[in-house]
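Please read the following report alongside the sequence and coordinates. It treats helix packing, the barrel and the ligand shell in turn.

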Amino acid sequence: MSEATFAERYRAVVAERGRLCAGIDPHTALLEQWGLPVSVDGLRAFADAAVAGLAPIAAVIKPQVAFFEVFGSAGYAVLEEVIAGCRAAGALVLADAKRGDIGSTMAAYTGAWLDDASPLCSDAVTASPYLGFGSLSPALTLAKETGRGVFTLARTSNPEGGDVQTAQAGGRTVAQSIVDAAAAVNADGSGTVGVVVGATREHGLDLSALAGPVLSPGLGAQGATAADLARIFEGADLAWLLPAASRSILRAGPDVAALAAAAGATRDGIEAAL
Ligand SMILES: O=c1ccn([C@@H]2O[C@H](COP(=O)(O)O)[C@@H](O)[C@H]2O)c(=O)[nH]1
């Protein structure tokens with residue numbers, strides 16, 4: 001529980017560290033590249049090095065929950081350690097869990113990812129609004145009360161997203177309707193709701209009323225560059241832009257200093273371009 005709003009917490013850490021969300025995505029291929037076994041022991045060694053290298057550098061750390069979940073309860077135990085370690089190092093933790101369900105089930109997900117009583121409690125969580133933005137209400141309410149954030153998918157970085165996200169609904173795209181719904185929640189200045197807008201293509205969105213963070217994955221492994229960010233988000237409030245990269249940084253491991261250097265170089269490239 002924080003007295004500060006998510007906007008205040010987010011702006012403080014970005015002012016101190018710059019704009020980078022570094023992902024912790026323990027892909028099997030990365031475990032192998034790092035010389036680690038594809039096992040819970042390998043996952044823990046990977047996670048320990050990633051936290052040590054990235055959490056002191058990046059403003060936001062985004063563990064991709066799927067790569068922990070694949071190891072079952074033992075993987076979740078490692079994820080709990082990652083969350084605690086990153087928060088202790090001063091980074092905000094954005095759990096990339098992409099939760100979204102009917103409201104009563106969403107309330108349970110909210111308890112898992114945003115409630116202090118949960119060992120998985122993070123500073124923010126990703127959510128899918130495609131059961132209706134209103135179905136996210138339990139998460140939005142608790143996040144606002146506790147100074148946490150919810151990052152809702154809008155225009156994702158993957159090539160398949162356009163079918164749904166660019167469909168017209170009431171004179172605007174579905175993605176724009178999500179951004180507008182997020183802006184309405186943020187109208188009190190809390191910055192509770194962020195949106196996910198990929199860096200891999202033009203997004204066609206009006207972000208001017210959002211007043212919240214814009215997580216932009218797609219840098220590096222998915223082909224986007226810092227220069228692409230500057231072009232795609234030209235005219236937007238770049239103070240809110242939070243570019244995200246995972247594999248392109250993690251490939252520098254397992255050496256902790258090399259991971260830190262890769263994160264720093266990515267962050268510096270972003271700051272120079274924006
Ligand atoms: O639109 C989206 C939403 C989420 N992601 C997630 O971000 C990382 C990207 O990893 P890279 O290795 O930098 O490609 C990953 O966890 C995705 O699930 C996204 O890529 N696009």
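## Helix against helix

Axes are lines fitted to C-alpha atoms, for helices over the stretch in contact, and angles between N-to-C directions run from 0 to 180 degrees. In this predicted model, helix 3 (residues 40–54) packs with helix 5 at an angle of about 10°, their axes lying 10 Å apart. Because angles under 35 degrees count as roughly parallel, helix 3 is roughly parallel to helix 5.

On the helix 3 side, the contact is formed by Val40, Leu43, Arg44, Ala47 and Val51, which meet Ala74, Gly75, Val78, Glu81, Val82, Gly85 and Cys86 of helix 5. Sorted by class, this contact comprises 8 nonpolar, 2 polar and 2 charged residues.

## The barrel and its helices

A barrel is closed by 8 strands in the order 1-2-3-4-5-8-9-10, with parallel pairing, and the twist from one strand to the next averages 30°. Strand 1 (residues 21–24) and strand 10 run parallel and are joined by 2 bridges; Ala22 has Ala245 in strand 10 as its bridge partner.

Helix 5 (residues 72–88) packs on the sheet, where it touches strand 1, strand 2 (60–63) and strand 3 (92–99), and its direction makes about 175° with that of strand 2. Helix 6 (residues 103–114), in turn, lies across strand 3 and strand 4 (124–127), running at about 155° to strand 3.

## Around the ligand

Of the 19 residues around the ligand, those that come nearest are Gln64, Thr156, Pro217, Ser246 and Arg247. Strand 10 (241–245) and helix 11 (247–250) each supply at least two residues of this shell, whose composition by class is 5 nonpolar, 11 polar and 3 charged residues.

Key: Residues are numbered from 1 along each chain as its sequence is written. This is a predicted model: local features need pLDDT of at least 70, side-chain atom pairs count only at pLDDT 80 or more; totals for chains, interfaces and linings use all residues. A residue is near a molecule or strand if its C-beta atom, placed from the backbone, lies within 6 Å of it. Helices (H or I, at least four residues) and strands (E, at least two) are DSSP runs, numbered from the N terminus. Ala, Val, Leu, Ile, Met, Phe, Trp, Tyr, Cys and Pro count as nonpolar, Asp, Glu, Lys and Arg as charged, and the others, Gly among them, as polar. Two strands pair if DSSP finds at least two bridges between them. Two residues are in contact if their C-beta atoms, placed from the backbone, lie within 7 Å. Angles under 35 degrees count as roughly parallel, over 145 as roughly antiparallel, 65 to 115 as roughly perpendicular and the rest as oblique.
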